[in-house]
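The structure comes first, then the reading.

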Amino acid sequence: MAPCQSTFDFRLYDFKTQNMKLTLKIWRQKDAKATGKIVEYPIDGIEPDMSFLEMLDILNDELIVKGEDTVAFDHDCREGICGMCSLYINGEAHGPDRLVTTCQLHMRKFKDGDTIFIEPFRAKAFPVIKDLVVDRGAFDRIQQSGGFVSVNTSGNTIDANTIPIPKHDADRAFDAATCIGCGACVASCKNSSAMLFVAAKVSQFALLPQGKVEATDRVLNMVSQMDAEGFGNCTNTGACEVECPKGISLENIARMNREYLSASLKG
Amino acid sequence: MAKSALLKSSIAKKVAMALSGLFLILFLAQHFFINSTSVFSPDTFNSISHFMGNNPLVQFVIQPILIVGVVFHFVMGIVLEIKNNSARPISYAKNNGAANSTWASRNMIITGLVVLAFIVLHFYDFWVPEMVYKYVEVNPLDENRYFAELTHKFVSPVRTAIYCVSFVLLSLHLWHGFNSSFQSVGFNNKYSKSLHTLGYAFAIVVPFGFIFIALFHYFNH
């Protein structure tokens, strides 16, 4: 067997480290009851290929060495599928990039010398727990109020794939189901409305035959819980759709409005 | 679902806001049509105005519905704005709204309040004198007074300027409001793109048409 030969010409690429020096302005808040404030942190040695969360990891390493309290922020999978990371970066949920979560955001989106504001997702329904960590339990309670289908599990469960579903509907239901419930829609909306999240969860079932059985109760209960949590009203600015890391469409909100009106009439 | 719960729900408020807005858009379209006749034919303008001002259906059914629609739209708009503001008690230190939405969509309350102030002035200019003329002083019917009353208001450069600025703000309000209304009532399908074009065209043609009418009478009085 011939030895593996690479055709990649390393001389074409500049592998010199491009260190970035940045000024971070981060919201620090000791606990839910404390009054928070923006604290400035200069940071050096950041490489463009680092992820945003790696940059925060480096900051926290430095804070530990100095004996200071680290910056608390949410994260889990770090590959854009769990919906755990958040952060309002330079005035946008998940930062300036499109269709990515904060964990998929890279420092190459910023320039050497930049000042970066890092704040928690802001909404009355998302109270700050500490620093950049907010309680998104409101989404869980909305989901629990109707974001499910009841399935017989007594041993004779029928495979969902045995029910024919038009591809168009299946695709749209799947698109809605890609919502990871991160809360970027609420954070981006000037009214802190959760309509895009709730609409995605309503749509993903409303489009499928399995979801039709409980469709009336689902939309009424989920909207009722959404209102009870203290989210604002949607005014169709479209900010949520632009900032959503999964590209959930406003079409879902229109569908939820139709579902809600129709369910209200059925009562 | 209890009726009270439906009335309190966020979606019901959205729909009510949208329907009242669409009703006002229809009113605006007919008002623009009537006013535009004043540019081409004072006689036509006089006869349509006389019909609108003396037809019992228009005066005692449609006009009260219109006034209720206007009052409902702005009261509900202010109520929703207060509720929406309370949904975010602490604002962002840095917020880049322009990155994801239009200025018009984020500032409906500002454009709306300017339009409301304009409506008050417009009532003071035309509706109140009309009511006094017909129902307080009980003057004899004069089918030819409307064109003169209209042009008389556009002698003042200040008033003409106020009208023109208000129409620009109305244009911005419609730029978002027209299409937003359809989204709120659940209309989002393959025809939406065409509807959006129609909405943007309406938001430009009607307010700037009103500006043209105001300037036409200002320069031709």
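Predicted model: local features only at pLDDT ≥ 70, side-chain atom pairs only at ≥ 80, totals over all residues.

At what angle do helix α9 of chain A and helix α2 of chain B pack, and how far apart are their axes? Helix α9(A), residues 251–266, packs on α2(B), residues 10–40, at about 100°, with the axes 10 Å apart. Axes are lines fitted to C-alpha atoms, for helices over the stretch in contact, and angles run from 0 to 180 degrees between N-to-C directions. So α9(A) is roughly perpendicular to α2(B) (angles of 65 to 115 degrees). A:N257, A:Y260 and A:L261 meet B:I11, B:K14 and B:V15; contact means C-beta atoms, placed from the backbone, within 7 Å.

Residues are numbered from 1 along each chain as its sequence is written, and chains are lettered from A and ligands numbered from 1 in the order in which they are written.

Chain B has 9 helices and 0 strands. Helices are DSSP runs of H or I, at least four residues; strands are runs of E, at least two. The C-alpha trace of chain B spans about 55 × 40 × 35 Å along its principal axes. Among chain B contacts between residues at least 6 apart in sequence, 85% join residues at least 24 apart.

An unreviewed UniProt entry lists residues 60–82, 103–124, 160–178 and 198–219 of chain B as "transmembrane region". Two of these spans follow.

| Span of chain B | Helix | Strand | End C-alpha separation |
|---|---|---|---|
| Residues 103–124 | 95% helix | 0% strand | 30 Å |
| Residues 160–178 | 100% helix | 0% strand | 26 Å |

Terms used
Contact = placed C-beta atoms within 7 Å. Parallel < 35°, antiparallel > 145°, perpendicular 65-115°, else oblique. UniProt positions renumbered as here; feature names shortened; annotations may be inferred.
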